[in-house]
Amino acid sequence: VFLPEKSVPMFPTGLSRDHFSLQTDKKNYALSYAVKLRENGEIEDYSISPSMVDKVRQITYEEADRILSEAPETLRSRETEILSELYRLSLIRKQYRIDRGAVVLDIPKTEVSVSDNGDKISVKMVRDSSSPSRTMVSE
């Protein structure tokens, strides 16, 4: 559960922050999902397999959106290419679903932030449609 001032893990902290989390400094156990899409966005094939993931780089929605819009030099160009391709595919998949009757509800989400000492609270409204990274995650 994510609250403005803290998060409450569903599992014990040792599991949720260690074993069930992707960490940047070690090899992580994971499930990898591979999806093959037809040109129109229809799923042609998929697989789910256990894997090991390393070289994890954690970024926020805002950082991903900045990468997609500006392609900063701070990232290797391969990372930018991967994000751009994932975004392109997410738009194709989204259109495929819309063409088959899916309804896209662009309801604003409220993001509440509380400073570490609790004296400042900020509230921001965010729409998925205005964020390429949120579109990728939703698809």
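Buried means under 20% relative accessible area, exposed over 50%, and partly exposed in between (1.4 Å probe, protein chains only). This is a predicted model: local features need pLDDT of at least 70, side-chain atom pairs count only at pLDDT 80 or more, and totals for chains, interfaces and linings use all residues. Residues are numbered from 1 along each chain as its sequence is written, and side-chain values use heavy atoms, with hydrogens and water left out.

**Helix α2**

Select residues 61-70, helix α2; A64, D65 and I67 are buried there. Viewed down the axis of α2, its buried residues fall within an arc of 160° (directions from the helix axis to the C-beta atoms), so they line one face of the helix. Helices (H or I, at least four residues) and strands (E, at least two) are DSSP runs, numbered from the N terminus. On the other side of α2, S69 and E70 are exposed. Now show α3 (77-99) and α4 (132-138): the cover over the buried residues of α2 includes both.

**Salt bridges**

A salt bridge is a side-chain nitrogen of Lys or Arg within 4 Å of a carboxyl oxygen of Asp or Glu. The structure holds nine.

Select E81 and R78. Their side chains meet in a salt bridge (3.5 Å, N to O). E81 counts as partly exposed at 45% relative accessibility, while R78 is exposed at 52%.

Next, pick E111 and R134, a salt bridge with its closest N and O atoms 2.3 Å apart. E111 lies in strand β3 (residues 109-114) and R134 in helix α4, so the pair ties together parts 23 residues apart in sequence. R134 counts as buried, at 10% relative accessibility.

Conventions:
Contact = heavy atoms within 4.5 Å.
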